[in-house]
Amino acid sequence: MSYRAPVAEYQFMFDHVVGFDEVTAHALFEDTGSEMAAAILGEAARLCEEKIAPLNRKGDLTPARLENGIVRTTPGFAEGFKAIASGGWVGMSASAEHGGMGLPMTMTTAVNEMMSSACMALQLAPLMSQGQIEALEHHASDEIKALYLPKLISGEWTGTMNLTEPQAGSDVGALTSKAEPNGDGTYSVSGQKIYITWGDHDVADNICHLVLARLPGSVSGTKGISLFLVPKFIPTEAGKAGVGNTLKVVSLEHKLGLHGSPTAVMQYEGAKGWLVGEEGGGMRAMFTMMNNARLGVGGQGIGIAEAALQQAMTYASERKQGRSLSEVGRGTIIDHADVRRMLSVMKADVFAARSIALMCAVAIDLEKATGDAAWGARAALLTPIAKTFGTETGMRVAEMGVQVHGGMGFIEETGAAQFYRDVRVTAIYEGTNGIQGMDLVARKLMDGGDAAFALLDEIAEFTESARHACPTLGSPLWEAVEALREATEWMLEQSELNARFAGAHAYLTAFARVIGGYAHLRAASAENGIGPRTKLANIYMSRLLPEHISLLAEAQVGDKDLFALSADELAGV
């Protein structure tokens, strides 16, 4: 399959769906108008189609490997990464002060999604660096910024984040890695970290690890955790990669998918590091990187969904089998009603998920451009939704893509199964989707639901204004908005968090369904309720939006039924 970046789709969304014009109306981003955005998207598309996409299958068939303590990446990956780095794509949204482009996060989100479609295993390398760049911009000392940011932005060096430990998992507060002061402003960091994406490789000159660890006498839990920058090679005074640090790769994980992406077990043995942020402020600093990565991971799910959709669409358009009852068509399986159903809902869901991710990015940009806390609250609300719905759309669409291929989808040579395998981890890393749901119904509702209600008010207001042009689309969305408003009020009334948590995933998915409907309605309104986008919106409203009814019913059940079964009864012992 030849991947084709959906440049026209991004441009349409920028112009009509996600409010990108509001971003470029501000002085900070005024140079990124429609023409400039089109030029950037076009250049990124060529990179992804010509240089990166051909590496995707190679990464699956020729995985990264560990040889005598050195990680060798898939043939072609080093050249692919250099193409990304030399084009300035790593530092798209980074500050121009240290060599970045200073572009809106909305642009970065679109380009990252393209790269994920082309080869997600490779795209993980710049994604990790982008998160580290943002963390250092916000929390590092001026000396660290001056030394590390230009190297990370240029792609000469790459970045990682090291949270998870064998005994801790998602419970970061249980980590035991230690950092001892050396008396000269540096620290000796010791401990083992697992699941470190691109923890070692041969595509750049140095690897900069952000490592969570505990200082002597620190309190237990997350409040006692600090963050340290630990490079593979200790920089010289001239800013070059110098002598090797006392860290090593213990092993590479054997994974379900993403074989081209080296996922390492890292061992730190008194490795030299520098404190980033304040003592005990490690989680605050690391969350800057994690929130960046959560939006990026949502985009990865969407990217895989787009690639799987394109391949399924091509196969269905070419494969002749059986006789269709449809009077018009191509004489291939795309004429069969059930295949048409799958392709249609795949396309409608990709549009919805992409819109949510871009809306989140727009909110991030507007907070940066205006300093308005309301935009920050909107971005915080949308981040767990974008991450969860984006990744689950990726899994769902990739699974349907296999089904569209029929028996050939189960055969590895077609590549359909690779999308399914590669995307599966996105629902797990950067905080599992269950954790995202819990974050939404707990931390993100701590404002009394102000951010959630503000978004629902916006959707309801637009729905009212669109009823004349799109009456059949506006009515079901308005009803869904009101149902979601009532469910939000129910969540706020629950004093026991477990009652919220038991329905958190269902609530988040229902919220995403409503925002997706909003995006489709905006698209249909842009063509005055007449055209292909209106037809696709009708499919979403009639086949996917109604899911909110059962989801919100589940969201408001509470937790009593789940815990009525004892652990032994649940296990059937």
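In this predicted model, helix H1 (residues 7–16) packs against helix H9 at an angle of about 55°, and the two axes lie 11 Å apart. The crossing of H1 over H9 is right-handed.

**Pocket and cavity**

H9, which spans 337–370, also takes part in a pocket: together with H17, H9 supplies at least two residues each to the lining of the second largest pocket. The volume of this pocket is about 380 Å³. Its lining consists of 14 residues, and those nearest the centre are Met313, Ser344, Lys347, Pro532 and Leu536. H17 is the main contributor to this lining, with 5 residues. Sorted by class, the lining of the second largest pocket holds 7 charged, 6 nonpolar and 1 polar residues.

How many cavities of 30 Å³ or more does a search of the whole structure find? The search finds 1. The largest cavity has a volume of about 80 Å³. Two elements give two or more residues to the lining of the largest cavity, namely helix H6 (105–139) and helix H8 (282–318). H6 gives the most, with 7 residues. The residues that line the largest cavity include Met105, Thr108, Thr109, Asn112 and Glu113, as well as Asn292, Leu295, Gly296 and Gly299. By class, 7 of the lining residues of the largest cavity are polar, 3 are nonpolar and 1 is charged.

| Space | Volume | Lining by class |
|---|---|---|
| Second largest pocket | about 380 Å³ | 6 nonpolar, 1 polar, 7 charged |
| Largest cavity | about 80 Å³ | 3 nonpolar, 7 polar, 1 charged |

**Positive phi angles**

Most residues other than glycine have a negative phi. Trp198 is not a glycine, yet its phi is positive, at about 50°. Trp198 sits in the loop that joins strand E5 (187–197) to strand E6 (206–214). Is Trp198 buried or exposed? The relative accessibility of Trp198 is 1%, so Trp198 counts as buried, the cut-off being under 20%.

Asn528 is another residue other than glycine with a positive phi, here near 55°. Asn528 is placed in the loop between helix H16 (504–526) and helix H17 (532–544). H17 is also the helix that gives the most residues to the lining of the second largest pocket. With a relative accessible area of 57%, Asn528 is exposed, because exposed means over 50%.

Terms used
Residues are numbered from 1 along each chain as its sequence is written. This is a predicted model: local features need pLDDT of at least 70, side-chain atom pairs count only at pLDDT 80 or more; totals for chains, interfaces and linings use all residues. Side-chain values use heavy atoms; hydrogens and water are left out. Helices (H or I, at least four residues) and strands (E, at least two) are DSSP runs, numbered from the N terminus. Buried means under 20% relative accessible area, exposed over 50%, partly exposed in between (1.4 Å probe, protein chains only). On a 1 Å grid over the protein atoms alone, a cavity is a set of points where a 1.4 Å probe fits but cannot get out, and a pocket is an open set with protein on both sides within 12 Å along at least five of seven lines; lining residues have an atom within 4 Å of a point. Grid points are joined across faces, edges and corners, and a volume is the space filled by probe spheres set on the points. Ala, Val, Leu, Ile, Met, Phe, Trp, Tyr, Cys and Pro count as nonpolar, Asp, Glu, Lys and Arg as charged, and the others, Gly among them, as polar. Axes are lines fitted to C-alpha atoms, for helices over the stretch in contact, and angles run from 0 to 180 degrees between N-to-C directions. A crossing is left-handed if the near helix is turned anticlockwise from the far one by less than a right angle, and right-handed if clockwise.
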